[in-house]
Amino acid sequence: MGSTHYHAEQCSAAGCDKNALTGAARCWEHLDDHGAFVASLDPQRLAGAWLVGVDLSGADLKGANLAGARLSGATLVSAELVEADLRRAFLDGADLRGANLFGANLEFAVLGGTDVSEAIFRGADLRRANLVGARGHHADFSDTDLYYARPGNADFEGANFSGANIMRTIFRRANLKDAILTGTTGAANFENANLEGARR
Amino acid sequence: MIFGSFLLDANESNAFVLGCEETREALLVDVGDADPRIEEFLEQHGLRLTTVFITHDHYDHTGGLDHVLREHDVEVLSGRGAAGGRNARRVRHGDEVRIGQLTGAVLATPGHTPDSVSLAFPGLVFTGDALFAGSVGGTTSSANARQEIEHIRKHIFALPDECEIHPGHGPASTVGVERQHNPFFV
């Protein structure tokens, strides 16, 4: 990865050119004890951390400070991220299926290419969030703020957006089949979106 | 590498500061407004602003330039050789931009304007209004739109998938996400 603005050094494993995880000498792939690393994480001290590829499935990260952290490709299945601070965090390609992000702050967060199927975002701040190409079947986006968010090409079949602010949200070519859009406020861009069966 | 991003009032544009940890020299990418948070960030990190890189000569990317020029002894770089009514050093595709021990490469990304340029450092690229998360910059003709798409494919999508994209408006992204999912390319 070379030069970076994250709190990361190069992985110490021979021949590896990846960044080491923040607080470790190695990348996730070359780490000897994954469990010990996960147990060592202090949820309040993860801002700007390099956590690429980590497996935090089911982890209790309620109220965690992950602002500006790099979690690309991380596995966060069923993780508890209630009211977590994820502003400007990179979660591209992460697996967030069934995660609970109730009330989380995801302003400017990068969720491109993530799988957020059946995840709960209720009441979350998703202003200017990048959701390009995300998959979120039956995800709960109710009462979220999606101002100027970018869910282009996303697959949100059956997702619930009831009560959400969708002012300037760009749903260009998104699949919103059977999505619930009742009670949304603001004018969004639905250019070439699939709204078959969507409730408005 | 020290990095800061700022959402400005001017048409909700972004500005960025990139600093060298060793020499404390800093680069400002676009400056749509005179925003005190930029000065605070420079001061907080002990950075000395030496260069301003303008991705394209539109008011929401240059509106704070006069203020910066009053406060700092900086060189202004742009693809047009001018920015916000001021002279600038013209940069072209392939030129290097050095900020302390950091070296960036200028990438031609015309279309939104004829002389729009991006700037790539190891691990991140500033794309101005050429490429956004899930979108591309507005153009005034189909020929310009084709030109923009071609240059993004050739110059931005040639960067590694994990490379961060920091555009002139809206959220960041990565090369991998845009190459695989941006509706204008797939």
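## Strand pairing in chain B

In this predicted model, strands E12 (residues 124-128) and E15 (residues 164-167) of chain B run parallel. Four bridges join them. Within this pairing, Phe126(B) stands opposite His166(B), a residue of E15(B).

E12 and E15 belong to an open sheet of six strands in chain B. The order is E9-E10-E11-E12-E15-E16. Pairing in the sheet is mixed. Strand E9 (96-99) and E16 of chain B are the edge strands. Each of these two pairs on one side only.

## Overall fold of chain B

Chain B has 16 strands and five helices. Its radius of gyration is 15 Å, close to the 16 Å that the globule rule gives for 186 residues, so chain B is as compact as a globular protein of that length. Along the principal axes, the C-alpha atoms of chain B fill a box of roughly 45 × 35 × 30 Å.

Of the 186 residues in chain B, 57% count as buried. Take the contacts in chain B with a separation of 6 or more: residues 24 or more positions apart account for 52% of them.

## Nonpolar core

In soluble globular proteins, nonpolar side chains tend to be buried together. The largest nonpolar core here holds 126 residues. Leu91(A), Leu18(B) and Leu28(B) touch the most other members.

Leu91(A) has contacts beyond its neighbours within four places in sequence. Its partners are Leu71(A), Ala74(A), Leu96(A), Ala109(A), Val110(A), Leu111(A) and Thr114(A).

## Contact between chains A and B

Chain A gives 23 residues to the contact, and chain B gives 21 residues. On the side of chain B that touches chain A, three elements each supply at least two residues: strand E1 (2-7), strand E16 (173-174) and helix H5 (175-181). H5(B) gives the most, with three residues.

What is the make-up of the side of chain B that touches chain A, in nonpolar, polar and charged residues? The residues divide into 11 nonpolar, nine polar and one charged.

## Confidence

Chain B has a mean pLDDT of 97. In chain B, 100% of the residues reach 70 or more. For the model, ipTM is 0.95 and pTM is 0.97. Where pLDDT is low, predicted coordinates should not be read in detail.

Note on methods:
Residues are numbered from 1 along each chain as its sequence is written. Chains are lettered from A and ligands numbered from 1 in the order in which they are written. This is a predicted model: local features need pLDDT of at least 70, side-chain atom pairs count only at pLDDT 80 or more; totals for chains, interfaces and linings use all residues. Two residues are in contact if their C-beta atoms, placed from the backbone, lie within 7 Å. Ala, Val, Leu, Ile, Met, Phe, Trp, Tyr, Cys and Pro count as nonpolar, Asp, Glu, Lys and Arg as charged, and the others, Gly among them, as polar. The radius of gyration is taken over C-alpha atoms; the globule rule is 2.2 Å times the number of residues to the power 0.38. A residue is buried if 20 or more other C-beta atoms lie within 10 Å of its own, exposed if 12 or fewer, and partly exposed in between; C-beta atoms are placed from the backbone. pLDDT is the predictor's confidence in each residue, from 0 to 100. A nonpolar core is a set of buried Ala, Val, Leu, Ile, Met, Phe, Trp, Tyr and Cys residues joined through C-beta atoms within 7 Å. Two strands pair if DSSP finds at least two bridges between them.
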